[in-house]
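Let's take a friendly look at one stretch of this protein and at a few of its residues. Please have the sequence and the 3D view ready.

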Amino acid sequence: MSSTAKDFFTVLRERNSVRHFDASHKLSEQEIKELLELAGSAPSSWNLQHWKFIAFTKAAAKEKLLPIANGQKQVVDASVTVAVLGDLQAHRNVEAVYGPAIQAGSENAYAGYSSHTAMIAQIEEAYADDSSSYRRDEAIRNASLAAMQLMLAAKAKGLDSGPMVGFDANAFVQAFHVQPRYIPVLLVAIGKAAVPARPTSRFPVEQTIIWNGFEPDIATL
């Protein structure tokens with residue numbers, strides 16, 4: 001096993017959810033931008049990048065967030081608390097994502113489709129019904145990938161993190177003027193742990209893996 005691979009697996013195994021942060025530890029704007037750049041390299045459907053990040057660094061903004069997050073003090077004590085938002089209208093990113101490659105005639109301009117027209121048509125069809133659950137499901141799925149990558153990036157840089165879903169999403173939208181295009185998915189507190197993460201167990205892999213599908217349920221046949 002290479003040292004690079006070992007380091008990556010160490011990051012995976014040592015990342016734990018932290019609740020108590022050192023309030024004196026600060027991150028620079030550049031350090032936060034580097035973390036969010038790494039988070040934004042996560043995969044996404046059609047590479048539409050269904051995420052926006054609100055970075056809470058100022059004390060006043062964190063205090064405003066605190067009651068919305070049910071008094072979870074980590075949102076105040078962490079060096080930065082990042083609200084990960086999902087994009088309900090990610091199809092509007094098509095031109096920004098693919099336009100330059102299409103204009104340049106790149107063979108990667110349309111991600112394996114017969115033409116960029118065919119690709120764009122499929123994206124538009126998928127997003128055509130704004131009353132379906134598809135937009136919301138995609139927003140949550142893809143933003144969650146970015147959130148996980150954010151936490152791993154933080155650990156790789158010697159930081160700790162803690163994801164939170166215990167907050168009032170509607171109050172968050174109102175308090176921070178979130179546009180209707182976006183939905184709050186989760187909060188991620190990032191900084192230096194003041195108290196080590198509480199050890200947690202995991203199911204053995206034999207309990208979580210199903211090989212080649214479930215067996216038929218005889219009672220339903």
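S44 is buried, because its relative accessible area is 16% and buried means under 20% (exposed is over 50%, partly exposed in between, with a 1.4 Å probe and protein chains only). This is a predicted model, in which local features need pLDDT of at least 70 and side-chain atom pairs count only at pLDDT 80 or more, while totals for chains, interfaces and linings use all residues. Residues are numbered from 1 along each chain as its sequence is written, and side-chain values use heavy atoms, with hydrogens and water left out.

You will find S44 in the loop between α2 (29–39) and β1 (51–56). Helices (H or I, at least four residues) and strands (E, at least two) are DSSP runs, numbered from the N terminus. W46 sits in the loop between α2 and β1, and Q49 lies in the loop between α2 and β1 too.

What does S44 touch, leaving aside residues up to four places away in sequence? The answer is Q49, H50, W51 and N142, where contact means heavy atoms within 4.5 Å. A polar atom of the S44 side chain lies 3.0 Å from the backbone nitrogen of Q49.

Now for the backbone angles. Most residues other than glycine have a negative phi.

| Residue | Phi | Relative accessibility |
|---|---|---|
| W46 | near 55° | 19%, buried |
| Q49 | about 55° | 31%, partly exposed |

Definitions and conventions
A polar contact is a pair of N or O atoms within 3.5 Å; within protein, one must be able to donate a hydrogen and the other to accept it, and residues adjacent in sequence count only if both atoms are side-chain atoms.
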